[in-house]
Amino acid sequence: MILYKYYGHDAGKKALESRNLGFRKPKNFNDPFELSFLSNSGGPNSKQTELKRVLDELRSTVAILSLTRAPSNPLMWAHYGQDHTGFVIGYDVSDSFLSSSDYNLIPVSAGDVVYTSTKSPHILDPTMMQRIQNTFMSGLGALDQIRDPETLSIARKIFLTKHASWVYEEEVRVVKVLDSLFQETSEFTADKRRSYYSLTKEDSPGRSIELVPGLSIFRFQLPIKEVYLGLRNKIPDDLNQIEPIEGAKFFRFEMDDRSWDLKAKKLEART
């Protein structure tokens with residue numbers, strides 16, 4: 001299965017060169033309502049406080065990859081493709097890096113975002129609190145705590161529910177744990193599908209700061225199957241001037257004069 005990610009121009013060029021994917025902590029997302037679907041819950045104040053603590057912790061302990069099913073959405077191009085100057089990259093998401101529950105709190109097969117106009121009420125009874133606690137422990141590295149369908153359902157409500165105004169994104173998410181409380185960090189990240197780095201610069205001697213707060217770039221290289229250039233992307237159409245990627249097809253989007261749609265033109269090498 002191929003899913004897509006939108007990039008600005010410079011970020012897209014780097015993504016094509018590295019074939020790495022960037023995940024981001026929910027606390028750094030542009031939507032302040034992230035992970036707030038359960039906030040409309042009833043129960044004792046102690047349980048309300050515990051729910052808030054768990055959600056605040058999860059916003060920092062996991063990282064989320066946002067993909068989409070639609071490479072030709074004009075709104076997405078305007079919002080995430082740097083005003084149509086960037087790229088959309090289509091990834092083969094079948095590898096265990098994204099598809100396995102051994103590597104993901106929520107794998108790609110369970111990652112379809114649910115859009116809603118309301119926050120359903122929930123009662124924080126002992127059963128609900130146990131499932132929330134299991135989700136919390138999964139965020140700390142105990143991924144076996146989320147294997148039962150009921151807990152996975154709660155986790156999906158926490159991580160995959162957004163307001164209906166975002167429905168145009170057709171988003172599919174993958175939720176990863178960044179570290180494990182139950183393993184040494186060096187042991188946990190020794191697996192190539194768990195190894196990642198951040199973009200930093202030295203702020204002062206011995207002190208660095210993140211250039212993109214909350215961004216974790218995983219070193220595992222995912223196969224690229226399709227590359228779309230925005231209609232304002234300045235890269236020439238000649239594939240001889242584009243770094244080749246084995247197995248990838250290249251396209252450029254153009255305006256369809258007969259509609260409001262974008263249409264893709266396949267790029268070929270000029271002989």
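**Close-up 1. Lys-162 and Trp-166, a charge over a ring.** In this predicted model, the charged end of Lys-162 sits over the ring of Trp-166, 4.3 Å from its centre, where "over" requires NZ of Lys or CZ of Arg to be within 6 Å of the ring centre and within 35 degrees of the ring normal. The charged end of Arg-53 likewise sits over the ring of Phe-136, at 5.0 Å from its centre. Residues are numbered from 1 along each chain as its sequence is written, and side-chain values use heavy atoms, without hydrogens and water. Because the model is predicted, local features need pLDDT of at least 70 and side-chain atom pairs count only at pLDDT 80 or more, while totals for chains, interfaces and linings use all residues.

**Close-up 2. Tyr-228 and its ring partners.** Tyr-4 and Tyr-228 form an edge-to-face pair, 6.1 Å centre to centre with 65° between the planes; rings of Phe, Tyr and Trp (its six-membered ring) pair if their centres lie within 6.5 Å, and planes under 30 degrees apart count as stacked, over 60 as edge-to-face and the rest as tilted. Tyr-228 and Phe-251 form a stacked pair, 4.9 Å centre to centre with 15° between the planes. Both Tyr-228 and Phe-251 are buried, that is, under 20% relative accessible area (1.4 Å probe, protein chains only).

**Close-up 3. Arg-252 and Asp-237.** Arg-252 is buried, with a relative accessible area of 8%. The side chains of Arg-252 and Asp-237 are joined by a polar contact of 2.4 Å, meaning a pair of N or O atoms within 3.5 Å, of which, within protein, one must be able to donate a hydrogen and the other to accept it, and residues adjacent in sequence count only if both atoms are side-chain atoms.

Conventions. Buried means under 20% relative accessible area, exposed over 50%, partly exposed in between (1.4 Å probe, protein chains only).
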